[in-house]
Amino acid sequence: LALTQSTYSSFLLKRKRDIRQRAFVQFYNEFQDHQFTLAASLAYSMKADVFRARARNYPSALDASLFKDDVPVAVYDGLIAAVRKGIPALLRYYQLRQGVLGLNELHAYDTYVPLVPEIETHISFEEAIDKVIASLAPLGQEYVEALQDGLRGRWCDRYETKGKRSGAFSSASYGAPPYILMNYKDDVFADVYTLAHEAGHSMHTWFAQRSQLFQDYDYPIFLAEVASTFNEELLTHFLLEQTTDRNMRAYIINRQIDDIRGTVFRQTMFAEFEKATHSIEESGAALTLEVFKSEYHKLLAAYFGDAVVIDPELPLECLRIPHFYSAFYVYKYATGLSAAVALSQRVLANIPGAVESYLDFLRLGGSKFPLEAL
């Protein structure tokens with residue numbers, strides 16, 4: 001298997017540590033060879049953000065980016081402050097991970113391999129639909145019947161075929177049924193989650209189309225990830241209730257923890273990096289390779305503490321995150337999952353009105369600003 005941008009993450013999931021380590025070192029050696037060019041490219045992207053904000057008289061590039069969704073800077077800063085308070089729990093998890101893997105010290109390339117070896121499952125697509133539909137039963141008959149008819153009908157292009165793009169997505173055009181692209185595999189347990197995730201997007205569109213005019217039905221990214229990850233939350237709780245197999249339960253819980261770690265903690269760290277580096281540009285200082293690496297190293301030290309060894313190559317990671325070229329976007333992943341967890345807990349706790357208020361949220365589409373809708 002060749003080491004590429006797309007296969008790098010696969011190597012980090014390997015059980016053999018020397019494979020993970022070699023992939024990590026070789027991968028960043030390539031980035032080191034081009035580090036000055038990449039740093040210059042990223043710096044000019046941030047210069048452009050600042051220029052456009054000043055040309056339109058915004059107080060900062062961050063203010064300019066948040067304006068479209070009517071999100072105050074206090075929300076962005078509040079997310080960072082709240083996640084920072086949760087870092088001690090994250091560090092305890094890293095210590096647990098080190099112990100379970102039996103390592104003398106934990107490195108970044110040890111933080112992705114599942115603590116529980118991949119569970120061998122063979123779940124047909126029809127069985128996956130059954131699980132997803134059963135997990136979403138708390139949302140009521142209208143939601144479940146519409147989704148079931150769609151998934152068993154023609155909403156979903158299910159399996160991998162030659163020439164088909166990889167991954168999965170949900171798409172729609174106004175007045176037409178949702179469309180889900182999948183590359184479903186019976187022996188990949190995570191694909192059940194992918195189906196639940198994309199179904200969340202599709203049902204968000206389904207409800208919004210029936211309640212809004214064309215100009216108001218399409219929802220912003222800030223809200224899109226709420227509906228999809230909400231479904232994943234309900235699926236997790238359903239699967240934990242259904243299984244008594246200790247390995248399967250451990251696998252599901254580990255998956256949930258790593259999802260929160262990767263979405264809430266990691267994306268918030270990225271959001272901090274974007275704010276810090278744009279502030280440096282706005283202050284008139286130069287954004288050089290050393291500045292990028294220094295700012296990123298500070299954040300790695302804060303989010304990894306003493307629990308993870310920071311290899312000398314790791315600060316180069318800031319040069320390979322494509323989202324940094326669409327600044328102040330990644331925080332939406334963290335707020336989306338946070339909102340999904342909170343809303344799903346209300347539904348699972350049978351709080352009066354929780355289900356109907358959630359469905360009303362889906363019906364709003366893009367007719368209100370994100371915070372007002374939530």
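At what angle do the axes of H3 and helix H13 (residues 289-304) cross, and within what distance do they come? In this predicted model, the two axes come within 9 Å and cross at roughly 80°. An angle of 65 to 115 degrees counts as roughly perpendicular, and H3 and H13 are therefore roughly perpendicular to each other. On the side of H3, the contact is made by Gln 35, Phe 36, Ala 39, Leu 42, Ala 43 and Met 46, and on the side of H13 by Leu 289, Phe 292 and Lys 293. Sorted by class, this contact of H3 with H13 has seven nonpolar, one polar and one charged residues.

Helix H3 (residues 35-55) also meets helix H12 (residues 246-282), and the axes of this pair come within 10 Å and cross at roughly 70°. H3 and H12 are therefore roughly perpendicular to each other. Here H3 contributes Leu 42, Met 46, Lys 47, Asp 49, Val 50 and Arg 54, while H12 contributes Phe 273, Thr 277, His 278, Glu 281 and Glu 282. The class composition of the contact of H3 with H12 is four nonpolar, two polar and five charged residues. Leu 42 and Met 46 of H3 take part in the contact with H12, and Leu 42 and Met 46 are likewise listed for the contact with H13.

Lys 47, a residue of helix H3, belongs to the contact with H12. At 31% relative accessibility, Lys 47 counts as partly exposed, because that class lies between the 20% limit for buried and the 50% limit for exposed. The C-alpha atom of Lys 47 is separated by 9.6 Å from that of Ala 61, and the two residues are 14 residues apart along the chain. The loop between H3 and helix H4 (61-67) holds Asn 57, which has a positive phi of about 65° although it is not a glycine. Asn 57 is exposed, with a relative accessible area of 70%.

Phe 328 is found in the loop between H13 and helix H14 (331-348). Whereas Asn 57 is exposed, Phe 328 is buried, with a relative accessible area of 3%.

The discussion now turns to the sheet. Three strands form an open sheet in the order S1-S3-S2, with mixed pairing. S1 and S2 are the edge strands, each pairing on one side only. Neighbouring strands of this sheet are turned by 10° against each other on average, direction ignored. S1 and S3 run parallel and are joined by three bridges, whereas strand S2 (residues 169-171) runs antiparallel to S3, again with three bridges. Ile 180 in S3 illustrates the arrangement: Cys 156 stands opposite Ile 180, and Ile 180 is also the bridge partner of Ser 170. S3 is mostly covered, with five of its six residues buried.

H9 touches S2 and S3, and its direction makes about 175° with that of S3. H7 lies across S1 and S3, running at about 125° to S1.

Which residues of helix H7 (residues 125-135) are buried? The buried residues are Phe 125, Ala 128, Ile 129, Val 132, Ile 133 and Ser 135. They cover an arc of only 165° around the axis, which puts them on the same side of H7. The background is helical geometry: an α-helix has 3.6 residues a turn, so residues three or four places apart point the same way. The buried residues of H7 pack against several elements, namely helix H8 (141-152), strand S1 (156-159), strand S3 (179-184), helix H9 (190-211) and helix H11 (221-242).

Technical notes: Residues numbered from 1 in each chain as written. Predicted model: local features only at pLDDT ≥ 70, side-chain atom pairs only at ≥ 80, totals over all residues. Heavy atoms only, no water. Buried < 20%, exposed > 50% of the residue type's maximum accessible area, 1.4 Å probe, protein only. Helix = DSSP H or I, 4+ residues; strand = E, 2+ residues; numbered from the N terminus. Arc of directions from axis to C-beta. Contact = heavy atoms within 4.5 Å. Axes fitted to C-alpha atoms, helices over the stretch in contact; angles between N-to-C directions. Parallel < 35°, antiparallel > 145°, perpendicular 65-115°, else oblique. Nonpolar A, V, L, I, M, F, W, Y, C, P; charged D, E, K, R; others polar. Pairing = 2+ DSSP bridges.
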